Amino acid sequence: MTTALKTKRIIVCDDDEDLVDFLAFMLRTNDYDVRVAGSYEEVMKLVENYEPDLLLLDIRMPEFDGFNVAETLRKQKSTFPIVFMTGNDNTFCRLYATTLDAAGYLKKPFEAEDVLEIVEKGGGDDRRVRCNEHGGAADAFRRAVPGLQELTHRHGVAVELGQQDFAAA
């Protein structure tokens with residue numbers, strides 16, 4: 001008797017329509033079930049109704065912030081992997097992504113192969129379970145940097161910190 005493999009359900013959330021179309025097409029041609037979102041309301045509704053196996057989430061969007069979406073989802077006890085995408089690659093963003101138990105991080109522009117590789121790796125539960133069993137990098141980072149929320153957000157919006165901000169922290 002053969003067992004059919006379950007198709008991974010993926011949500012792609014980005015304000016760049018061309019990138020969203022490319023990712024959706026590429027993932028669908030690789031047998032993934034893909035939904036797309038371009039607003040906070042859309043992504044939250046999709047998460048609730050679609051129950052994704054993975055979320056590809058842009059960090060910086062005009063009307064909302066990907067980190068805020070991830071924070072909200074984690075507070076709601078969502079456990080599916082989140083892979084952040086950004087054109088602004090800096091150490092702080094990478095570190096903050098770990099506090100949200102990110103399954104991956106893609107710097108734009110990226111290659112199709114990079115996306116497929118991280119989707120295949122990020123779509124499983126093994127990494128998250130191992131991380132949680134040992135307390136998780138997120139908890140360690142939160143303890144190591146007191147006031148992290150105040151450092152990274154001003155008026156509810158994520159801000160980019162410069163070298164002078166790290167010296168003060």
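This is a predicted model: local features need pLDDT of at least 70, side-chain atom pairs count only at pLDDT 80 or more; totals for chains, interfaces and linings use all residues.
Let me start at Asp 31, which sits in the loop between α1 and β2 (33-37). Residues are numbered from 1 along each chain as its sequence is written, and side-chain values use heavy atoms, with hydrogens and water left out.

Back to Asp 31. Its phi is near 70°, a positive value in a residue other than glycine. Is Asp 31 buried or exposed? Asp 31 is exposed, because its relative accessible area is 62%. For the cut-offs, buried means under 20% relative accessible area, exposed means over 50%, and partly exposed is in between, with a 1.4 Å probe and protein chains only. The areas themselves come from the Shrake-Rupley method with a 1.4 Å probe, and for residues only the protein chains shown count as cover.

Asp 101 also has a positive phi, about 60°, and is not a glycine. Asp 101 belongs to the loop between α4 and β5. With a relative accessible area of 12%, Asp 101 is buried. Ala 102 is in the loop between α4 and β5, and Ala 102 is buried at 17%. Its C-alpha atom is 5.9 Å from that of Val 83, a residue 19 positions away along the chain.

Next, the salt bridges. How many salt bridges does a search of the whole structure find? The search finds 5. The criterion is a side-chain nitrogen of Lys or Arg within 4 Å of a carboxyl oxygen of Asp or Glu.

One of them joins Lys 108 and Asp 14, at 2.7 Å from N to O. Lys 108 is in the loop between β5 (104-107) and α5 (112-122), and Asp 14 is in the loop between β1 (9-13) and α1, so this pair ties together parts 94 residues apart in sequence. Lys 108 and Asp 14 are both buried. Lys 108 has another feature: a cis peptide bond joins it to Pro 109, with omega about -5°. Pro 109 is in the loop between β5 and α5.

A second bridge links Arg 35 and Asp 33, with the closest N and O atoms 2.7 Å apart. Arg 35 is partly exposed at 34% relative accessible area, and Asp 33 is partly exposed at 28%.

Another bridge is between Lys 121 and Glu 117, at 3.1 Å from N to O. Both residues are in helix α5, 4 residues apart, which is about one turn of the helix. Lys 121 counts as exposed at 61% relative accessibility, while Glu 117 counts as partly exposed at 42%. As for shared partners, salt bridges join Asp 14, Asp 58 and Lys 108 into one network.

Now the aromatics. There are 4 aromatic pairs in the structure. Tyr 40 and Phe 64 make an edge-to-face pair, 6.1 Å centre to centre, with 75° between the planes. Rings of Phe, Tyr and Trp (its six-membered ring) pair if their centres lie within 6.5 Å, and planes under 30 degrees apart count as stacked, over 60 as edge-to-face and the rest as tilted. This pair links distant parts of the chain: Tyr 40 is in helix α2 (residues 40-50) and Phe 64 in the loop between β3 (54-58) and α3 (66-75), 24 residues apart. Tyr 40 is partly exposed, at 30%, whereas Phe 64 is buried, at 12%.

Phe 67 and Tyr 96 form an edge-to-face pair, at 4.9 Å centre to centre and 80° between the planes. Phe 67 lies in helix α3 and Tyr 96 in helix α4 (residues 91-99), so the pair ties together parts 29 residues apart in sequence. Phe 67 and Tyr 96 are buried. One aromatic cluster is made up of Phe 67, Phe 84, Phe 92 and Tyr 96.

Last, the surface charge. Asp 15, Asp 16, Glu 17, Asp 18 and Asp 21 gather in a negatively charged patch on the surface. A patch takes residues with over 30% relative accessible area and no salt bridge, joining like charges within 9 Å, or nonpolar side chains (Val, Leu, Ile, Met, Phe, Trp, Tyr) within 5 Å. Asp and Glu count as negative and Lys and Arg as positive, with His and the chain ends not counted. Each charge is placed at NZ of Lys, CZ of Arg, CG of Asp or CD of Glu. Glu 17 is in helix α1 (residues 17-29), and Glu 17 is exposed at 63% relative accessible area.

How values were computed
Helices (H or I, at least four residues) and strands (E, at least two) are DSSP runs, numbered from the N terminus.
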